[in-house]
Amino acid sequence: MSPGISPQAAPSPLSSAAATDMSVAVRVLCQFTAKRGDLDLRFTPAPTSREGIAGHILMAARRGRDYEVEVTLEGTHDGLRVRGRADGYDSKERRLDECKTYRGDLARMPENHRELHWAQVKMYGAMLCRKQQLPQIRLTLVYVHVDTEDETVFAQDFQAEELQAFFEEHCCRYAAWGRSELERREARDRALQSLSFPFDFYPAQRQLAEAVYRAAAMGEHLLAQAPTGVGKTMGTLFPMLKALGAQKIDRIFYLTAKTTGRRLALDALRVLTTSELRVLEITAREKVCKHPDLACHGDSCPLAKRFYDRLPGARAAALERGTMTRSVIGSVATEHRVCPYFLSQELARWSDVIIGDYNYYFDRSAFLYLLAQEQGWRVGVLVDEAHNLIERARRMYSATLDAETLRQARKQAPPMLRGATQRLSREFQRIANAQSEPYQVYEAVPKSLLKALDTYIDRHTTLADQAMVLPDGLERLFFDALAFNGLAQEFAEHSLFDITHPEHATFTIRNVVPAPFLKLRFTHAHCVALFSATLTPREFYLDLLGLPETTRWLNVESPFSAEQLEVWIVRHISTRYRHRDDSIAPMVELIVRQYERLPGNYFVFASSFDYLARIAEQLDRVAAHIPNRLQSRNMTESERQEFLDAFAPDGRSIALAALGGAFGEGIDLPGERVIGAFIATLGLPQLNDVTEQMRLRMDQLFEAGDAYTYLYPGLQKVIQAAGRVIRTRNDRGVLYLIDDRYARREVRELLPKWWKLRMLAL
């Protein structure tokens, strides 16, 4: 169903109904029909939803006892039922109010925003006049400043006939689009209902698909551990598409940690897709922006100028393409002279399957999460390689202030901002200098720092409202300050506040347990299926991600047999940091012996780039006849692809890569492209002050500090890397686990059950 369009007779926005019987919310209709002019993102921090609710309550409280709030209204025209709730009505004065909360200078609000607000209240006014047979009415926009609580009121008197004409005009605009959308959705549902799986189902893949469909049908969450080679992408997308066609869900969000995951999803959908299905790929703003040096408003960027006037043509052209990848959106945006990033955000309202990074649903201001809430969608969320979500979510809910950013901002501050910047810098330095240790954790963020942050943010916001162009250093500090201040308001035992000093003073609110932040994301989704080859133990993910206790657990049996993979535990070599020097020679001897026994393409995974470089040097010394190549830090996408392309089916080489890096998961090199791997580490996080503090907090919360901080995350990376060797039922390979700790029972119990572990004799 289109955003907000639903058949009048059914609660589900995807239920089948005649195309002349549609329903839409006022806000959604006006966003479609009444937005005009420029895209304008001159930044003023928006009120939170809590502040917005408080502003509405405050406005209503000032109106007196007889004031009616949350007035439910509806009206029909051209087969379209329009519904909504006006903020307040004073029957004595015949005045209908629409309340909006804001920060900053109201005079700087873009005119097209005000026009949109007027359109909404006029639609409400038309419906109220018709309901109560009023000949005329006074409509007001009430703007409440969330910080000062001041009200600014704009009022206009309207005749009922004038409002009815406005109502009918906008209904007609939306109804024409809505009818075509309903027809397309009905055709899509028919096609999806008859969709069959394009390949032979593996038994394990079928098991996964049935569990995902059940989750979508029942509105449940699923944690599915499915080994590499099961075909997880196809095995999760297919049942979700069937659920979409059966109207169990309204939208599918396919979320990935890496670009490779997006590509795999797009490839799967090309095989599964019908002509009526709309697939959208959302790409990060910095990757698609055509004018990164320009501000996002019509006075600066030509692609923001008249964006909403050009949007209907661009939207129609893109939607005709069906599958809207980054390149398709870029081409359409160029043709219609609109911003490609914000075009993709508009297209999300009209797409069936949306593919993007985790942050679009799980971050603090996640676009897809907020859009789903606004539209009331029943969303089916697929989380690819879900073992990555813990660490990614920790970064989403962490924030840093550092001395260098403050120093740059202090140098660049204009006179009106200099005092607030200097006060913040002085307070930062005072707190840092009071610390005698290089690293220390505190129970709370100092109130004096938060006060200085509030002053700085308020002053900077005032200048932003005045459209002052500020240097990059100040902008960077501003956004760092906003993030830090926001997380400080929610600081609790799920996070640490620590200071590193004196070399480079850094204040960090460091999330340890993302669960409190992610719970609402799971609560508000109709169903979430998280899948990966490494989701053991279940309790680890339930505890850290905040999944409900009712989350279903599925451990998919591997399609592979122990005969396909020789797994050797090399316990006479220790890869602990203090033994690194002694480990290199025997390890290289092992690698060379295996290569000469069976030449081919092999991976060597180790815990650091320095360690890898030393292994490569030893290989060059003792086995110059064996080609080797070394992963480097910060490889570009093209460099990563070149590294992978060297894994030819008839290749003979050693590739050295960092465990947990770009080549340790999410890549597919079947057959003889990779025939073996050497994993020279347990993958344990580095032992330092930060990880030790995280261990202590995990012990405090879950009584499992060592396992939650070190063992589980480390072996997760090991199993992922090992999964590069066996990709299909016909593959054969060898795996060496190099470290004496692999022989321990608690470690072996966490390794895949289908592996047959053998101890390498000296």
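Q: Helices (H or I, at least four residues) and strands (E, at least two) are DSSP runs, numbered from the N terminus; with that in hand, which helices each supply at least two residues of the lining of the second largest pocket?
A: Those are α6 and α7 (259-272). α7 gives the most, with 5 residues. This is a predicted model, where local features need pLDDT of at least 70, side-chain atom pairs count only at pLDDT 80 or more, and totals for chains, interfaces and linings use all residues. Residues are numbered from 1 along each chain as its sequence is written, and side-chain values use heavy atoms, leaving out hydrogens and water.

Q: What makes a residue part of that lining?
A: On a 1 Å grid over the protein atoms alone, a pocket is an open set of points with protein on both sides within 12 Å along at least five of seven lines, and lining residues have an atom within 4 Å of a point. For the second largest pocket, 32 residues pass, and G231, K232, T233, D668 and R727 lie nearest its centre. Its volume, the space filled by probe spheres set on the points, is about 720 Å³.

Q: How many cavities of 30 Å³ or more are there?
A: A cavity is a set of points where a 1.4 Å probe fits but cannot get out, and the count comes to 1. The largest cavity has a volume of about 90 Å³. Its lining has 10 residues, with V28, Q31, F32, R349 and W350 nearest the centre. Helix α1 (residues 26-33) brings the largest share, 3 residues.

Q: Which residues make the contact between α4 and α6?
A: Contact means heavy atoms within 4.5 Å. On α4 these are R188, D189, L192 and Q193, and on α6 they are L241, K242, L244 and G245.
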